[in-house]
Each structure stands twice: as structure tokens, then as C-alpha cells.
Amino acid sequence: MFLTGLLPILLSSENYAPPILCFPSEESQLIAATIIPDFSIPVVPKITSPHDSKIDLDQCNQVPTGEGIPGFRPGVDKSQVFQMFGTPTGTEIGYWPNTQAIFYHLIPNRVSVGFLFDQKSGKLRQTEAAFSQQVDLQTILITLNSMSGCRLNSSIEAGLKSVHNRQRQSYLFVIDSLEGIIERDQFDRIYIGIWESDLH
């Protein structure tokens, strides 16, 4: 099941980008908790850097290594995502023409990631992640940096922090040929979506 779209108040019809991530209903969460009980949920270690409030941008890799919560940038091949995560939690026809959406609930009720691929080329067109408030901000920053192709800057970092700290509902940004949004979703999770600007 996918969300029908971002809040229309925040985005105009020209740059509207429906997220491909969703979180299961309470009933589905109980099922997921039965399959993967809480004691088996991996602990995401708090990542520290020499500057407590600053992320070390040099620690980013163009292709994730599997440490923390891996983030993939638009443009990577579908095979790299499958190599990292395996069989997806779900697969759907994408919202945009010639696209396929897949998603993974990596840590039930805490972290999900989603990807929108071009059906012909297999290239990633849109990358998404959603985090509960329980996930450490530094972990989210490192995932965001990876999702952006290691191009996180101080403005985007400040935008994430303002959404995380509930100072604003959403933050839109552009990095070269990529566009993105950071926002609180309807489940009070931090949603991040980054897409190639010619996708929609």
C-alpha cells in the first residue's frame, strides 16, 4: 500500500511528488512484530563525529557500505539496491510513467526506505526514507548525505534539524539536478524524498 501523495498545501501540482513509502496499519505492525520480534531488531549505533553537532561529510561513500541505514542516490542501478537489501517488502507500479516502486521496512515501526526505478534502464529515479523520532538525528543525517550522493550541505542539514526539532513542517531543496523534500508525514515520522528533477 502506498501513500496517495504529499500534503498538497506544501507543493504545487508542478512539483508534486507522491512518496512511495508508507507505514503499515496497526494490524500490519502487529504482524511485522510477530515475524521480527523487538529483541531481533538491530540496534543502530549512535554515530559520533569530532564535532558533536556537525556531520563529517568525508565519511560518505557514493555506494553505501551497509553501515548504519544505507541510502542510495538517484542514478544507481537497481542491482545495487537488491544486493544491499535483498527481496523487497513490497513492489508496485510507480506513480510516474515507466517506473516501478519497491520498499523495505528495515526496522519495523522505525525505519523504511523506498525506491522508484525506471522500468527500461533499471536506474534509480527517486529515493526515499522515513524515520521515527526514535532514530538518532546523526544516523538520519548520514543516510541523507548518502541519498544525496554525498552532497549534503549546511543548508540541507539545517533544514533536516528544523523538521526534526519540530520548528517547521517541511523543507524543500535542490542539489544540482536533484530535488528533494524533508517533512513530517502523517505518522509523525521524518520523511525524506530525493528525485531527479526531470522525473516530474
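**Salt bridges, sheet and ring pairs**

Arg 166 and Asp 188 meet through their side chains in a salt bridge, at 2.8 Å from N to O; the term covers a side-chain nitrogen of Lys or Arg within 4 Å of a carboxyl oxygen of Asp or Glu. Arg 166 sits in the loop between α4 (154–164) and β5 (170–175) and Asp 188 in the loop between β6 (178–184) and β7, so the bridge ties together parts that are 22 residues apart in sequence. Helices (H or I, at least four residues) and strands (E, at least two) are DSSP runs, numbered from the N terminus. Arg 166 is partly exposed at 49% relative accessibility, and Asp 188 is partly exposed at 35%. Here buried stands for under 20% relative accessible area and exposed for over 50%, with partly exposed in between (1.4 Å probe, protein chains only).

The model is a predicted one, in which local features need pLDDT of at least 70 and side-chain atom pairs count only at pLDDT 80 or more, while totals for chains, interfaces and linings use all residues. Residues are numbered from 1 along each chain as its sequence is written, and side-chain values use heavy atoms, with hydrogens and water left out.

Across the whole structure, the search turns up seven salt bridges. One of them pairs Lys 123 with Asp 77, the closest N and O atoms lying 3.9 Å apart. That pair links distant parts of the chain, 46 residues apart: Lys 123 is in the loop between β3 (111–118) and β4 (124–131), and Asp 77 in the loop between α1 (26–35) and α2 (78–85). Lys 123 is partly exposed, with a relative accessible area of 36%, and Asp 77 is partly exposed, at 25%. Arg 125 and Glu 196 also form a salt bridge, at 2.3 Å from N to O. Arg 125 belongs to strand β4 and Glu 196 to strand β7 (residues 190–196), so this bridge ties together parts that are 71 residues apart in sequence. Arg 125 is buried, with a relative accessible area of 14%, and a network of salt bridges links Arg 125, Glu 196 and Asp 198.

Now for the sheet. Seven strands make up an open sheet in the order β1-β2-β3-β4-β7-β6-β5, with antiparallel pairing; a pair requires at least two DSSP bridges between the strands. The edge strands, each pairing on one side only, are β1 (90–93) and β5. From one strand to the next, the twist averages 15°. Strands β4 and β7 run antiparallel and are joined by six bridges, and Ala 129 has Ile 192 in β7 as its bridge partner. Six bridges also join β5 to β6, again antiparallel, with Val 174 partnered by Glu 179 in β6. The hairpin of β5 and β6 has two residues between the strands, and Asp 176 takes a positive phi near 50° there.

Helix α3 (residues 137–147) lies across β4, β5, β6 and β7, at about 10° to β7, whereas α4 lies across β5, β6 and β7, at about 165° to β5. Contact means heavy atoms within 4.5 Å; axes are lines fitted to C-alpha atoms, for helices over the stretch in contact, and angles run from 0 to 180 degrees between N-to-C directions.

As for aromatic pairs, the whole structure holds eight. The rings of Tyr 171 and Phe 173 are stacked, because their centres are 6.1 Å apart and their planes are at 20°. Rings of Phe, Tyr and Trp (its six-membered ring) pair if their centres lie within 6.5 Å, and planes under 30 degrees apart count as stacked, over 60 as edge-to-face and the rest as tilted. Tyr 171 and Phe 173 are both buried. Elsewhere, ring pairs link Phe 72, Phe 85, Tyr 104, Phe 115 and Phe 117 into a cluster.
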